[in-house]
Amino acid sequence: MSAVANPATVAECLRVGAGFSQGDRNWIAEQFATLDARLAGFHADATELEVSVKDREARGQKVTLECWIAGRQKIVTTSAEEDLHAALNDVRDDLRRRLNDAKTRQEPRNNKRLRDTGQPEAALPDTELDDTELDDTGGDAHRVDAETA
């Protein structure tokens, strides 16, 4: 992936939605900081993250993390974990996995022209046999078959 001039980071792209206050934003951004490496391949202007929680601290709370990246489908991850920190970690890990899956789907696999090739293959030395080394059947006269030995 080519280097991006203004890479996306969680701190720059995260919005807090329903159920969270602006005061919660900093500790959520700290928990999501491990996403920075995955988001760095995208432009900050074209990337948005929004986290929200429904029925916070209640038995049936639901945490949702939405990710918009220009030119890609929106990714939505959810968690019904009762512990808020565990739910945030759950949606973070799910988003990271889905971003990795999306990247893998876009990389060329079977098209050698599109794939970056590694080191060029070393040329094999040409070994020529002269006619004296071949027997009358075209085989190598120096080789002894297991049946005839």
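**A buried glutamine, a nonpolar core and paired strands**

A polar contact of 2.8 Å links the side chain of Gln 31 to the side chain of Asn 89. The model in which this contact is found is a predicted one. Gln 31 belongs to helix α2. Its relative accessibility is 14%, and residues under 20% are classed as buried, so Gln 31 counts as buried. Leaving out residues up to four places away in sequence, Gln 31 touches His 85, Leu 88, Asn 89 and Arg 92.

Gln 31 is one of the buried residues of α2, which also include Asp 24, Arg 25, Ile 28 and Ala 29. Viewed down the axis of α2, these buried residues lie within an arc of 145°, so they line one face of the helix. Such an arrangement can be read against the geometry of the helix. An α-helix has 3.6 residues a turn, so residues three or four places apart point the same way. On the face of α2 turned away from the buried side are the exposed residues Gly 23, Asn 26 and Glu 30.

The largest nonpolar core contains 27 residues, and Phe 32 and Val 51 are those with the most contacts inside it. At least two residues of this core are supplied by each of α1 (10-13), β1 (14-16), α2 (22-31), β2 (47-54), β3 (62-69) and α4 (84-106). Helix α4 provides the largest share, six residues. Apart from neighbours within four places in sequence, Val 51 is in contact with Leu 14, Arg 15, Val 16, Gly 17, Phe 20, Ile 28, Phe 32, Val 63, Thr 64, Leu 65 and Leu 88. Ile 28 in this list is also among the buried residues of α2, and Leu 88 is also touched by Gln 31.

Strand β3 pairs with β2 and with β4. Strands β2 and β3 run antiparallel and are joined by eight bridges. Within this pairing, Glu 48 has Trp 68 of β3 as its bridge partner. Strand β4 (residues 75-79) is joined to β3 by five bridges, and these two strands also run antiparallel. Here Cys 67 stands opposite Ile 75 in β4. The hairpin of β3 and β4 has five residues between the strands, and in this hairpin Gly 71 takes a positive phi near 85°. Of the eight residues of β3, six are buried, so the strand is largely enclosed by the rest of the structure.

How values were computed: Residues numbered from 1 in each chain as written. Predicted model: local features only at pLDDT ≥ 70, side-chain atom pairs only at ≥ 80, totals over all residues. Heavy atoms only, no water. Core = buried A, V, L, I, M, F, W, Y, C linked by side-chain atoms within 4.5 Å. Buried < 20%, exposed > 50% of the residue type's maximum accessible area, 1.4 Å probe, protein only. Helix = DSSP H or I, 4+ residues; strand = E, 2+ residues; numbered from the N terminus. Contact = heavy atoms within 4.5 Å. Arc of directions from axis to C-beta. Pairing = 2+ DSSP bridges. Polar contact = N/O pair within 3.5 Å; in protein donor to acceptor, adjacent residues only side chain to side chain.
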